[in-house]
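Colleague: I would like to learn how to read a few features of a structure like this one. Could we go through them in turn, with the case at hand each time?

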Amino acid sequence: LYAVTHGYLKNVPVDKVNDYETKLYPWLSQNYANTLESIRTSGQLSEKSEAQLNDGLKTYTANYIEALG
């Protein structure tokens, strides 16, 4: 939901949104585990966690779109 409301899916074709989301969670868990754990345990989205989450989403989305060709 965060990725959608912050515009990360605007260049992802509608028919690929489910695939994007399915692959996103494992990728974030692998690459941003500390950020996700901080959000999960604190129940807060601090400025630092949000910056890290945005960095991850930018990277993942760019890589995903590039892979689509």
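Predicted model: local features only at pLDDT ≥ 70, side-chain atom pairs only at ≥ 80, totals over all residues.

Colleague: Which residue forms a salt bridge with Glu37?

Modeller: Arg40 does, and the closest N and O atoms of the pair are 3.0 Å apart. Arg40 is exposed because its relative accessible area, 57%, is over the 50% cut-off.

Colleague: Where do Arg40 and Glu37 sit relative to each other in helix α3?

Modeller: They are three residues apart in that helix, which covers residues 33–42, so about one helical turn separates them.

Colleague: How many salt bridges does a search of the whole structure find?

Modeller: Two. Besides the pair in α3, Lys23 bridges to Asp19, with 3.2 Å between the closest N and O atoms. Lys23 and Asp19 lie four residues apart in helix α2, so they too are separated by about one helical turn. Both ends are partly exposed: Lys23 has a relative accessible area of 44%, and Asp19 has 27%.

Colleague: Now the other end of the scale. Is Ser49 buried or exposed?

Modeller: Buried, because its relative accessible area of 3% falls under the 20% cut-off. Ser49 belongs to helix α4. Setting aside residues up to four places away in sequence, Ser49 touches Thr35, Ser38 and Ile39.

Colleague: And which residues does Asn54 contact, leaving aside its neighbours within four places in sequence?

Modeller: Tyr2 and Tyr8. Asn54 is also in helix α4. At 17% relative accessible area, Asn54 is under 20% and therefore still counts as buried.

Colleague: What about empty space? How is that found?

Modeller: Rolling a probe the size of a water molecule over the atoms shows where empty space is left. Here the largest pocket has a volume of about 240 Å³. Its lining has 13 residues, and those closest to the pocket centre are Leu1, Tyr2, Ala3, Leu24 and Tyr25.

Colleague: Which helix supplies the largest share of the lining of the largest pocket?

Modeller: Helix α2, with six residues. At least two lining residues come from each of α1 (2–5), α2 (17–31) and α4 (47–68).

Colleague: What classes of residue make up the lining of the largest pocket?

Modeller: The lining has 12 nonpolar residues, one charged residue and no polar ones.

Terms used: Residues numbered from 1 in each chain as written. Heavy atoms only, no water. 1 Å grid on protein atoms, 1.4 Å probe; cavity = no way out; pocket = protein on both sides within 12 Å on 5 of 7 lines; lining within 4 Å. Points joined across faces, edges and corners; volume = space filled by probe spheres on them. Nonpolar A, V, L, I, M, F, W, Y, C, P; charged D, E, K, R; others polar. Buried < 20%, exposed > 50% of the residue type's maximum accessible area, 1.4 Å probe, protein only. Contact = heavy atoms within 4.5 Å. Salt bridge = Lys/Arg side-chain N within 4 Å of Asp/Glu carboxyl O.
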